[in-house]
Amino acid sequence: TQLLSRLPIPDSRVITIDPTLPVEEAAEDYAKKLRQAFQGDSIPVFDLLILGVGPDGHTCSLFPDHPLLQEQEKIVAPISDSPKPPPQRVTLTLPVLNAARTVIFVATGEGKAAVLKRILEDKEEKPLPAALVQPHTGTLRWFLDEAAARLLSVPFEKHSTL
């Protein structure tokens with residue numbers, strides 16, 4: 001909301017989740033809105049997704065070891081047993097994240113350093129959710145501050161801070 005309120009985007013171009021609906025209905029309603037906006041695409045193809053990553057490696061509301069990581073049919077799914085508050089959420093699924101043209105992850109702070117090392121460098125048998133975001137034909141970029149990147153050994157570009 002903070003970002004969109006500063007951009008000259010008409011409200012009619014912003015697709016929102018209806019928080020007044022029960023979680024299952026909210027997910028169905030949002031999926032319907034996305035299908036209307038992305039007519040002709042079986043899976044919506046976003047030009048840009050800006051994502052965060054939690055200290056447990058979750059992204060969107062896709063949590064480690066959760067059955068939603070296996071979801072292949074739905075583009076939007078309800079989650080009623082989130083390990084992080086609130087327990088009821090609506091999330092895009094991995095097929096949508098991986099169909100995007102560009103995905104940017106933004107992570108800051110020392111608290112993210114260990115999980116970023118796991119995501120970006122370790123080859124885990126059961127990858128964390130953020131590590132499963134690998135756009136099929138798109139671009140994946142990570143924007144990290146020095147504290148978040150401090151444990152990484154892979155080469156990365158340093159840019160000036162804003």
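Contact is defined as heavy atoms within 4.5 Å, and helices (H or I, at least four residues) and strands (E, at least two) are DSSP runs numbered from the N terminus. The structure is a predicted model, in which local features need pLDDT of at least 70 and side-chain atom pairs count only at pLDDT 80 or more, while totals for chains, interfaces and linings use all residues. Residues are numbered from 1 along each chain as its sequence is written, and side-chain values use heavy atoms, with hydrogens and water left out.

Strand 2 (76–79) and strand 3 (89–92) are among the elements that cover the buried residues of helix 1. Helix 1 comprises 15 residues (23–37) and spans 21 Å from its first C-alpha to its last, close to the 21 Å expected at 1.5 Å a residue, where the expected span is 1.5 Å times one less than the number of residues. Its buried residues (under 20% relative accessible area; exposed, over 50%; partly exposed, in between; 1.4 Å probe, protein chains only) are Val23, Ala26, Ala27, Tyr30, Ala31 and Leu34. Viewed down the axis of helix 1, these residues fall within an arc of 130° and so line one face of the helix; the arc is that of the directions from the helix axis to the C-beta atoms. Exposed Glu28 and Lys32 are carried on the face of helix 1 turned away from its buried side.

In helix 3 (113–120), the buried residues are Ala113, Val115, Leu116 and Ile119. They cover an arc of only 160° around the axis, which puts them on the same side of helix 3. These residues pack against strand 4 (102–107), strand 5 and helix 4 (146–149).

The loop between helix 3 and strand 5 (139–144) contains Gly138. Gly138 is partly exposed, at a relative accessible area of 26%. Leaving aside residues up to four places away in sequence, Gly138 touches Ala100 and Arg101.

The lining (residues with an atom within 4 Å of a point) numbers 29 residues, of which Leu4, Ile15, Tyr30, Phe46 and Leu48 lie nearest the centre of the pocket. Helix 1, strand 1 (49–51) and strand 3 each give two or more residues to this lining, and strand 3 supplies the largest share, 4 residues.

Notes. 1 Å grid on protein atoms, 1.4 Å probe; cavity = no way out; pocket = protein on both sides within 12 Å on 5 of 7 lines; lining within 4 Å.
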